[in-house]
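Hi,

Here is the structure I promised to pass on.

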Amino acid sequence: MLIKPAGPDCSLACHYCYYLDKSALFPGTAHRMSEAVLRNTVRQMLQQGGQRINFAWQGGEPTLMGLRFYETAVHYQSRCSRPGQQAGNGLQTNGLHIDEHWARFLHQNSFLVGLSLDGPEQVHDRYRRFRSGEGSWRRVVKSRDLMLSAGVAVNALIVVNDNSVHFPEEIYNFHKQSGIDHLQFIPCLERDDSRPGGLAAFSVDAEAYGRFLIALFDLWRADFSGGRPTLFIRWFDSLFYTYLGLKAPECTLLPECGVYLVVEHNGEVFACDFYVDEQHRLGNVSEARLADLLNSPAQEQFGAAKRALPDQCTVCPWLTHCWCGCPRERIFRPDGVNYLCPAWRAFFEYADPHFRALAERLTRENRAGAGRLPQSGA
């Protein structure tokens with residue numbers, strides 16, 4: 001469950017942000033989740049879920065709610081949980097509001113933090129700026145170091161755009177040297193109807209992204225120790241599951257969408273983080289059960305729509321590894337093929353033998369009782 005307690009509000013004005021304009025859906029200047037909505041959301045998730053429940057706090061910028069909000073959330077999680085039930089928390093943040101009190105709380109309550117940090121200063125500050133135009137890198141790095149020193153589990157969230165796609169080695173080594181060993185790379189694709197093809201200028205080029213993935217793959221493999229990764233890249237880890245015939249942890253690699261819900265600050269529930277709009281509004285936590293919304297005909301229809309594949313995808317040798325990616329990435333090509341398809345084809349042709357060998361090795365070790373799947377991070 002993705003929860004956006006501050007809605008689309010943020011303390012940065014990143015040029016490539018896809019969520020800032022969602023404020024048009026919610027009248028008012030400030031968007032803050034009430035305690036009643038928080039309590040209802042937590043209670044429903046714990047009562048209707050299994051033994052392990054994951055709360056993913058995102059935005060906008062979720063730390064705008066203040067520390068007391070999350071102290072209250074943890075209190076409700078403790079009060080509403082059943083015997084043996086565990087509640088895990090993930091916080092995706094730009095890091096600007098993290099101080100010693102935040103770091104202590106995040107560590108003590110085992111929050112997994114996804115920190116938006118695109119890489120070295122010249123890479124990060126290209127688009128991640130304040131409204132004044134000032135870069136945010138120095139403040140984000142200070143927060144990163146503060147959290148790591150406090151023992152907080154920190155993953156790096158890296159947006160790959162038209163600029164950063166040319167610096168895979170610099171980005172990889174920057175995070176590796178900082179002590180962060182879980183990385184999530186997010187290709188930047190946004191609309192701009194004033195441009196040919198409707199693709200925003202800061203979006204990543206597909207061919208360039210393919211070269212980026214291959215370079216990243218080589219860096220990742222070079223750091224293996226004893227045949228195992230020492231640094232974890234979410235997309236590689238999730239992709240590896242498909243080579244073992246298992247369900248990928250990352251939703252973009254699944255044959256259908258709809259495996260999670262989004263709860264906005266006012267309790268409204270949507271089908272997906274990238275489809276927060278009236279067409280994909282499912283209901284409100286004050287009026288409906290979350291389990292019913294997740295299994296509703298509207299959500300099932302949304303999820304199944306991904307299976308309507310272009311003809312060339314149905315005969316592609318890589319289909320069972322990518323499943324045509326995220327549906328929102330298909331709108332940039334008239335044939336309905338995912339815009340990033342050239343990147344994936346180049347990557348699979350290069351990396352496939354290595355993934356197969358790794359899968360065979362892990363299968364042998366599993367039979368001997370020593371195997372373990374790679375970690376998938378945030």
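Let me start with a cysteine: Cys251 is partly exposed at 29% relative accessibility, on a scale where buried means under 20% relative accessible area, exposed over 50% and partly exposed in between (1.4 Å probe, protein chains only). Before I go on, the ground rules: this is a predicted model, where local features need pLDDT of at least 70, side-chain atom pairs count only at pLDDT 80 or more, and totals for chains, interfaces and linings use all residues. Residues are numbered from 1 along each chain as its sequence is written, and side-chain values use heavy atoms, with hydrogens and water left out.

Back to the cysteines. How many disulfides are there? The count is 0, taking a disulfide as a pair of cysteine sulfur atoms within 2.5 Å. For Cys251, the nearest cysteine sulfur belongs to Cys272 and sits 6.4 Å away. Cys313 is in no disulfide either, and its nearest cysteine sulfur, from Cys324, is 3.7 Å away. Cys313 is buried, with a relative accessible area of 7%.

Most residues other than glycine have a negative phi, and most peptide bonds are trans. Cys324 is in the loop between α12 (319-322) and α13, and at 3% relative accessibility it counts as buried. Helices here (H or I, at least four residues) and strands (E, at least two) are DSSP runs, numbered from the N terminus.

Ser110 also has a positive phi, about 55°, without being a glycine. You'll find Ser110 in the loop between α3 (100-108) and β4 (112-116). Is Ser110 buried or exposed? It is exposed, with a relative accessible area of 60%.

On the peptide bond side, Gly59 and Gly60 are joined by a cis bond with omega at about 15°. Gly60 is in the loop between β2 (52-57) and α2 (67-80).

Now the overall picture. The protein has 13 helices and 10 strands. Its radius of gyration is 20 Å, close to the 21 Å that the globule rule gives for 378 residues, so it is as compact as a globular protein of that length. That radius is taken over C-alpha atoms, and the globule rule is 2.2 Å times the number of residues to the power 0.38. The C-alpha atoms fill a box of roughly 50 × 50 × 45 Å along the principal axes, and 54% of the 378 residues count as buried. Of the contacts (heavy atoms within 4.5 Å) between residues at least 6 apart in sequence, 69% join residues at least 24 apart.

On the α8 side, Trp235, Phe236, Leu239, Phe240 and Tyr243 take part, and their partners in α13 include Trp344, Phe347 and Arg356.

Finally, Ala36 lies in helix α1 (residues 35-48) and is partly exposed at 43% relative accessibility. Ala36 and Ser286 are 250 residues apart in sequence, yet 9.0 Å apart in space, C-alpha to C-alpha.

Cheers
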